[in-house]
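Please keep the sequence and the structure in view while reading.

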Amino acid sequence: MWCIYLFITWALLSSLPQMVGVVGLEVHAQIQSTSKLFSGSHVRFLAPPNSLVSHFDASLPGTLPVLNRRCVEAAVLTGLALNCTINRKSLFDRKHYFYADMPAGYQITQQRVPIAVNGMLVYSHFEGRRRNQVVTKSVKIKQIQLEQDSGKSLHDDEQSQTLIDLNRAEGQLRVDANVSVHRPGEPLGVRTEVKNINSVRHLAKAIDYEIQRQMEVLQSAGKVLNETRAFDSKSGNTIPMRDKEGLQDYRFMPEPNLPPLFVYESKASVPAGVDPAQVVVIDRLSAQLPELPSVKRTRLVETYGILQEHSFTLVNEDGLMDYFENVVQTTKAEPRKVIGWVIKELMGNLNSQNLKVSQSPISPCALAELINLAESGHISSSTAKQVFQEMWKAPEKTVGQIVKEQDLWMINDKEELQKICRRIVDSHPEEVQIIRRGNKKVLNKLMGEVQRETKGRTDPVQVRAILEKMVS
């Protein structure tokens, strides 16, 4: 297994006056590739313990690391996406420490000259009473580095033993949070490190708790210790693990078995005699970089005229943006009408059944057909929503089949509408008299009666015009 490390720092304001919290995140993320960072062993999630271990992974004498080019490309792509400077030359180091799941006694990392540095992650969130005011912020990224991951220790309390799995392919995101507090204008406070947090929710809780804990320590004239802590998900607290007063000497040294890592700006910059297909070229990777979330959101707003909050929903839900754009391209309706169907009707049903967009029983083409029927006036908007629910239950049926079977076509025949409205007016003499005395609101009741009798198959504007003429 391998990691990319992102060192992110930002400031958090506290509810307590005169103090601010500062947080630095060390993010361990696994690269998606078929083999490991320094060996040809395959990567397979939940593989049996120690079933994917090469001689190098087991640190047998005489074995040498071989760098995986796919992992380097993934690191460069990440650096480009995060606006980092890609170092054309980076170095590998040995970080020495003894740990049971690190049989070599050292870890290959990039301490001195990592592959990417000085990045920026720009993000947005909503504020305001209605949560519709978009606020854009940014965090600095110190560096991205390729690093060999350790194995996994499996503790068996019943047998009083610890087993080691060297597959290094558990696939988990892990974050170490370094937290300190200080008063603005004063030097940064003593930091603590909260290790191995495995979810974003737990990360937020750990940071909130640690900032509050340190502020309370300082306000009670105590001293914050430079220590390593763990997060207890049950209590929501951080727990002391060990102090950092005696800093460990990792004895960093250059990795003797790996040469400097070179990446090239373009094909033209590749040295003569070197096959460009066998090296990492930044221009080639830049062309492969997908449309980033912020760019997607801006394009959606500018192209379709939708609200910013809707663009966030489309981008954040896997597959939803493609679904929306497919419907827009197939239907005659305005995108702002389509977004209502996609977010309210489609997502409402998906969320209620805990389904993904890819599992929707209604295809974009089928939804577009339904919207087109409503836009053309062949069915009413209320009927369209009724048909949508029928389509959800019976996806094998077309929109036309459902409308025909349940006789849901719009009533557009003027004579028939006249007869229906006349029956409603004649059967509600008291309401008619109230309307004639000037209370036009009661007309809505008559319109509702028409809608009930016709099962929503009439145009409200047309019905109102007929009723107003009859009761005038």
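Arg423 is partly exposed, with a relative accessible area of 45%, where partly exposed lies between buried (under 20% relative accessible area) and exposed (over 50%), using a 1.4 Å probe and protein chains only. Its partner in a salt bridge is Glu453, the closest N and O atoms being 2.5 Å apart; a salt bridge here is a side-chain nitrogen of Lys or Arg within 4 Å of a carboxyl oxygen of Asp or Glu. This pair links distant parts of the chain, since Glu453 belongs to helix α13 (residues 443-454) and Arg423 to helix α11 (residues 414-426), 30 residues apart. Helices (H or I, at least four residues) and strands (E, at least two) are DSSP runs, numbered from the N terminus.

## How the model is read

This is a predicted model, in which local features need pLDDT of at least 70 and side-chain atom pairs count only at pLDDT 80 or more, while totals for chains, interfaces and linings use all residues. Residues are numbered from 1 along each chain as its sequence is written, and side-chain values use heavy atoms, with hydrogens and water left out.

## Other salt bridges

The whole structure contains 21 salt bridges. In one of them, Glu210 meets Arg213 with the closest N and O atoms 2.5 Å apart, and both residues are buried. Glu210 and Arg213 also belong to a network of salt bridges with Glu227 and Arg229.

## Cysteines

There are 0 disulfides, a disulfide being a pair of cysteine sulfur atoms within 2.5 Å. Cys84 is buried at 11% relative accessible area, whereas Cys365 is exposed at 52%.
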